[in-house]
Structure formats: C-alpha cells, structure tokens
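Subject: Structure handover

Hello,

Here is the structure I promised to pass on. Please open it alongside this note. My findings follow below.

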Amino acid sequence: MQSITTVVNAGRLLDGRGGVLDDATMVIRDGVIVGVGPRGTVDEPRDARVIAADGFTVMPGIIDCHTHLGGASSADYSTWVIEDDLRQAVLSTTQMRDLMDWGVTTIRDISRNGIRLKWAVNNGHLDGPRIIACGPGLSRTGGHGDAHNLSIDMVQRSHPWGMIADGPEELRKAVRTLSRMGADAIKVWATGGGMWDKELETDQHYDLEELTAIVREADHLKIPVLVHAESMPAAKDSIRAGIATLEHGEELDDECRSMMLEKGIIHVPTLQLFIGPWFDQYPPPPRVGLEDWPGETMAQKEKNRVIANFTASREAGITIAVGSDSFSSIEVPYGASTIEEIHAMVRVGMPALEAITAATWNGARALRIDGVTGTLQEGFASDFLIIDGDPLADITHLTRDRMVHIQRGTQVWHDELSPKPAYARRNDTGRTAGSVQ
Ligand SMILES: [Zn+2]
C-alpha cells in the first residue's frame, strides 16, 4: 500500500499526559505519529492529506482497562454459560464495534472471545481496537467466575469469562494454560462479586499463598496480574503478592495505599459501576461501619463510601486508570460505559485533564504498552480522536456524538471531516468504517 502522510491541524491538542497545546499540528504516516508541535514548527510534506480540525480538540484514543467481550445475548448469569458459544463469538464482534464507536481504541479484555478477537483484529480479518487479552479470569470453586447452579464441567467448558482453579498447584497450572491460550495478562478474582448467594464482595476468595503462586508464575512468563478485590484484606494480600493493577478496590486503607504507591500498583476503580443509577437495584454488601456513612439509604451510604475511597486514592497520588467492566450490552453497555466512567470521575471531583490522562496514558501504563500508545507524541501509534467541543471546559463534550473522527493506527473508524471515499461502508449506527488513511 502506498504510504500516505496526513496532517491534522488541531484547535487544541491534548497529548494524554497532561500536556495542552493550542493551534497544534500533528503529522502521521503509516499509523505512526511522525511529528507534533505548535502550528508552523512541524515538517509538513507537500503532498500530505490535511484534516482541518481547527475548531476541534484532538486527543489520544481512549483505553479501557477492563472489558468482558463475552458476547452474551442475555444478562442472566446462567444463560450466558449455557447459550451457544459460537453465537456469543459472533455477538462479541458487535460489542467490540460499540467500543470503537465510542472512541475506545485499546482495551484489556477478560473473556474467552477476547483472545479470538485479538487474533482476528491483528490479522486484519476485523476492524477493531488494540486488544490486550487475558482470556478467562481465575475464580475459585464457588467464586465470581463460576455459575453455581450448573455443573463444573459446563462452567469450565463455556463460561464466557471465568475459569475455576483452587490452591497454588492448580493455579500455577491454570496460569500456564492461559499463557498457552495466548493470554497477555492474568485476571484473578480475589474476592466475590455479589452475583451468587455465597460470593459476597466482602468474602476473600484466594489467600496470600494462592495469590503469590499466581504472581510468581505470571512473573516467569513476564505477564502482569490484575486482581478484582472488593474487600480491604483481599486487596492487601493482592498488593503484598505483587500484582500490577487493582480492579475495583473500593475498600482500601492507608496501608494499602502506601504499599500501592511503593510498588507502583495502578488502581482501576470502575467507579461508574458503584455510583451509577443501575446499581441502586442491588443491596450493598454488609460492610463494617457502613451505617455510619452519610446517606438516607444503605445504597446511598455505600456510594458516599466508594467516592471517599476513590478520592483518598487520588489524593494519595496513586495512578488511576479507566475501566468500564462492561460485561453485557444490557447492563453495562460497551463504550458508553467507558465514557461514563470518565464522566463519573470528573463528577466526583477529578479535574477533567486528569480524567483524560486516566483514560489514555495511565491506561497504556496499566497495560504496559506505554511505549506504543496512550499519548500523542512522536513515535507513538496514531490512535486519536477529534472532538467537536472542548472536554476540558465540559467533560460531557467527550461523547460519541461529538467524535467527528476516530482512528486507530491506519484504521480510520469514523471520519466526518474528510470527503468520503466512494467505497466507504456504513454500519448500522450510521458511522463510516473502512476508509483509508
Ligand atoms: Zn470485571
């Protein structure tokens, strides 16, 4: 393919690492940024294609550190294990498309299909985001990644995002099995998640010995471990074991936070799960001292407690990254929930620029691809969005309807600023895919 250079003239460019540049130019070639700086200072080849984004904001593509592209057609915890795996594989492609439609150009995914989707995208069979694939996550018997009313055999064969293993020996074998499947990272449920009767968020599911066995085995393979921990003791054991990122982590204390800082552990708080409206229908787990928090209902008290925990992490200087935990299109819609996570962070007091860093550069660090993407700087992938608006002035400008250009590398997913090539395809959302840079 002939190499084409594109010049993007931005009204404002956010580099993803806190840098703000007005009247900027970014030059890209073959999916890579080859120059970026104030207008007039960057070398622009004469035959370059120009995107005039003068009145717009240019920023890196969004990184969602926590998705489940399970492809379930139902939000029912048993149905998604029983229903046809191939049908789920097909539906997972639409979940992936939804993420791209909302400007999510990189994900870390926990599901069986994520590994297959990564293969399809990397080999050019499907357009889609950059995928860091975990495969299924590790759950104890009777844990969050189990389906308690079905046979263990069925769960092990077709749970969309869970794999059962108990004790250090089985866990070592499971990490090796996941690596054999192609896992780039290992997801672990160190606590329950509140789906089944016997797996409360406050129940610890793996002890320090088990968590240490997982991390050691993953270290041998040079892949990071991400841990779902919704209780303080489980978070503490996970941190001690040397995990890379803490998922949810809505109950931390000062000791957790200082160990996270010391070890460089990144927090993926999935805030919108806890403070969004749909959570109101679920009773909060029985936490010690919850009744002492302000709020008229226990759900309101839990929201205030989660927000205070998030703020304490942020104020302590812990690196925070964005993860939606989208696991079904019905309950946690793909892409929309990623954006909602960024909005939620700002709503509870995080400055907009910091929330954008959480959604871009910090995500790249969490996924250990900060040499590749997450910032608009020379040498990085041309994963970027053009926003009709100013998300720094109003974070709600960061929304699908204002994304006039969505690009991942050479893949132009959506483009309203250039004349459409005759062969452009339109998907059912009315967005254009398949044009070339
Ligand atoms: Zn999850």
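The largest nonpolar core has 109 residues. Within it, Met26, Val58, Ile186, Ile214, Val225, Ile243 and Ala355 touch the most other members. By nonpolar core I mean a set of buried Ala, Val, Leu, Ile, Met, Phe, Trp, Tyr and Cys residues joined through C-beta atoms within 7 Å. A residue is buried if 20 or more other C-beta atoms lie within 10 Å of its own, exposed if 12 or fewer, and partly exposed in between; C-beta atoms are placed from the backbone. The core takes at least three residues from each of domain 1 (5-61 + 374-436) and domain 2 (62-366). Those domain bounds come from an automatic or database domain assignment.

Two notes on the source. This is a predicted model: local features need pLDDT of at least 70, side-chain atom pairs count only at pLDDT 80 or more, and totals for chains, interfaces and linings use all residues. Residues are numbered from 1 along each chain as its sequence is written.

Look at Ile186 next. Leaving out residues up to four places away in sequence, Ile186 touches Cys134, Leu138, Val175, Leu178, Ile214, Ala218, Ile223 and Val225. Contact means C-beta atoms, placed from the backbone, within 7 Å. There is also a second, separate core of 5 residues, including Ala72, Trp80, Ala147 and Val155.

Now the helices (DSSP runs of H or I, at least four residues, numbered from the N terminus). The axes of α5 (residues 167-181) and α6 (residues 208-220) come within 9 Å and cross at roughly 30°. Axes are lines fitted to C-alpha atoms over the stretch in contact, and angles run from 0 to 180 degrees between N-to-C directions. That makes α5 roughly parallel to α6 (angles under 35 degrees count as such). Their crossing is right-handed, meaning the near helix is turned clockwise from the far one by less than a right angle. On α5, the contact residues include Leu171 and Val175. On α6, they include Ile214 and Ala218.

α2 (residues 85-101) and α3 (residues 112-122) pack at about 70°, with axes 10 Å apart. They are therefore roughly perpendicular (65 to 115 degrees). This crossing is right-handed. Gln88, Ala89, Ser92, Thr93 and Met96 of α2 meet Asn113, Arg116 and Leu117 of α3.

Last, Ile275. Ile275 sits in α9 (residues 271-275). Ile275 is partly exposed, with 19 other C-beta atoms within 10 Å. Beyond four places in sequence, Ile275 touches Lys303, Val306, Ile307 and Ala344.

Best wishes

Technical notes: Two residues are in contact if their C-beta atoms, placed from the backbone, lie within 7 Å. Helices (H or I, at least four residues) and strands (E, at least two) are DSSP runs, numbered from the N terminus. Angles under 35 degrees count as roughly parallel, over 145 as roughly antiparallel, 65 to 115 as roughly perpendicular and the rest as oblique.
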